[in-house]
Amino acid sequence: MLVYNAFSNVMFEIVVWMIYLKNQGWTTGEIAILEGIFTISQFIFELPSGVISDKLGHKLTLVLGEISCFIYLFGFFFPHIHLIMYISFILFALGLSLISGTDVSVLYDSIPLKDKNKYIKYSGIFNSIGILGVAFGNAGGGWLAKISWTTLFIIAIIFRFCAIIAAMSINEDNFEDADELQINQSILKKMYSFLKDNKGYQKLLLVICFSDAAVTITYQYGSLLLSTIHIPTELVSTIFGIISLLGALVSYLVYEVVKRIDENKVALGLVELSMILALLFITKNKIVIVFGLIIINVSFEMWNVILENKIQKIVLEDIRATSISTINLFTSLLLTISSFLISAMSKETSMELTVGILSGSGLFVSGLVFIFYIKKMEEKYYDIK
């Protein structure tokens with residue numbers, strides 16, 4: 001799983017693809033529409049992909065997801081044919097939907113029963129290795145693009161092929177408590193009942209959706225944001241590489257941090273700090289934008305591990321992947337709305353103002369709901385006591 005996660009997260013194109021399409025004649029509005037097609041496709045695929053994972057098995061789902069991502073990369077060789085780019089990004093959305101939720105479900109299954117209570121530790125290690133893969137891809141993407149865009153996409157295809165091989169090599173027989181397929185039971189019905197009855201899951205869903213969408217906006221549009229303030233492409237890639245390296249470090253250290261500081265305080269403090277920094281984007285100050293972008297995305301890696309740990313503790317075993325996909329479903333909906341808002345606002349407002357307001361607002365809502373969640377958990381704790 002660790003080897004698979006490393007290869008799967010090396011995406012040389014992910015930081016610079018907007019710049020690539022911009023160089024090929026795409027307008028900011030057209031890029032935002034393509035991003036909107038991608039996010040709405042994720043919204044459509046997320047819940048079905050979770051059900052598929054719980055029904056057909058996590059390993060097979062991972063392999064199918066990687067194959068879909070592999071095919072998507074070939075679309076970049078036809079940037080002037082918009083229809084091919086649209087289809088490619090729909091395939092990418094399908095692949096990521098099949099992978100998301102499935103990968104952490106496999107991780108949870110692979111942890112020995114006696115160590116389940118240390119999931120946050122293993123999740124931190126898993127995420128840190130994945131982020132190192134992202135760092136390698138981010139740092140290398142810009143420099144490969146400087147050599148040639150064709151070189152970049154060919155190497156990206158090779159790494160995705162390695163991810164397919166790694167996924168196929170996962171041995172599910174080694175899992176101590178691998179999920180048994182629940183073919184005769186309705187996963188969607190169970191998911192609906194769980195979502196309706198579990199107030200803690202409802203609040204965490206909102207916290208994760210709004211914070212994830214807010215940070216994703218800064219990440220996805222970060223390259224355009226930096227190019228707007230005249231940062232060279234290779235330096236953009238380096239900045240995102242730094243983000244990933246620091247993110248890997250904090251993800252690895254999160255277990256040690258929460259042993260010393262209350263995890264709720266850590267998560268809430270980081271969300272509020274990120275909200276302030278996102279709103280400061282509207283100043284259009286180059287230093288504020290660069291360091292704000294770094295701090296927001298690095299902080300996210302820590303609070304995301306904390307929140308994922310909370311989710312893993314409360315979800316039901318036979319709808320684990322579906323529960324996580326449901327969260328991704330609503331996140332995709334928020335990102336879809338945001339993409340079309342950015343497209344509509346691109347001709348009227350600056351990129352700094354648009355990203356700052358959307359990201360800051362999302363983090364504000366996430367922090368507010370998390371405060372309600374903390375108070376509810378404290379009330380429940382004292383009632384039990």
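Helices here are DSSP runs of H or I with at least four residues, numbered from the N terminus. The structure is a predicted model.

**Nonpolar surface patch**
- L83 has a relative accessible area of 55% and is therefore classed as exposed, the cut-off for that class being over 50%.
- L83 belongs to a nonpolar patch on the surface, which it forms together with F74, F77, F78, I81, I87, I154 and I158.
- Together, the residues of this patch have about 720 Å² of accessible area.
- Two elements, α5 (82-99) and α8 (149-168), each give two or more residues to the nonpolar patch.

**Helix α7**
- Helix α7 spans residues 119-147 and consists of 29 residues.
- From its first C-alpha to its last, α7 reaches 42 Å, which is close to the 42 Å expected at 1.5 Å a residue.
- A bend of about 30° occurs in α7 at G141.

- G292 is located in helix α14, which covers residues 286-314.
- G292 counts as buried because its relative accessibility is 2%, and the buried class lies under 20%.
- Leaving aside residues up to four places away in sequence, G292 touches L277, F281 and I287.
- G292 and G124 are separated by 168 residues in sequence, and their C-alpha atoms are 23 Å apart in space.

Terms used: Residues numbered from 1 in each chain as written. Predicted model: local features only at pLDDT ≥ 70, side-chain atom pairs only at ≥ 80, totals over all residues. Heavy atoms only, no water. Patch = residues over 30% accessible without salt bridge, like charges linked within 9 Å, V, L, I, M, F, W, Y side chains within 5 Å. Areas by Shrake-Rupley, 256 points an atom, 1.4 Å probe, with all protein chains shown as cover. Salt bridge = Lys/Arg side-chain N within 4 Å of Asp/Glu carboxyl O. Buried < 20%, exposed > 50% of the residue type's maximum accessible area, 1.4 Å probe, protein only. Expected span 1.5 Å × (residues − 1). Bend = angle between axes of the 7 residues up to and from the residue. Contact = heavy atoms within 4.5 Å.
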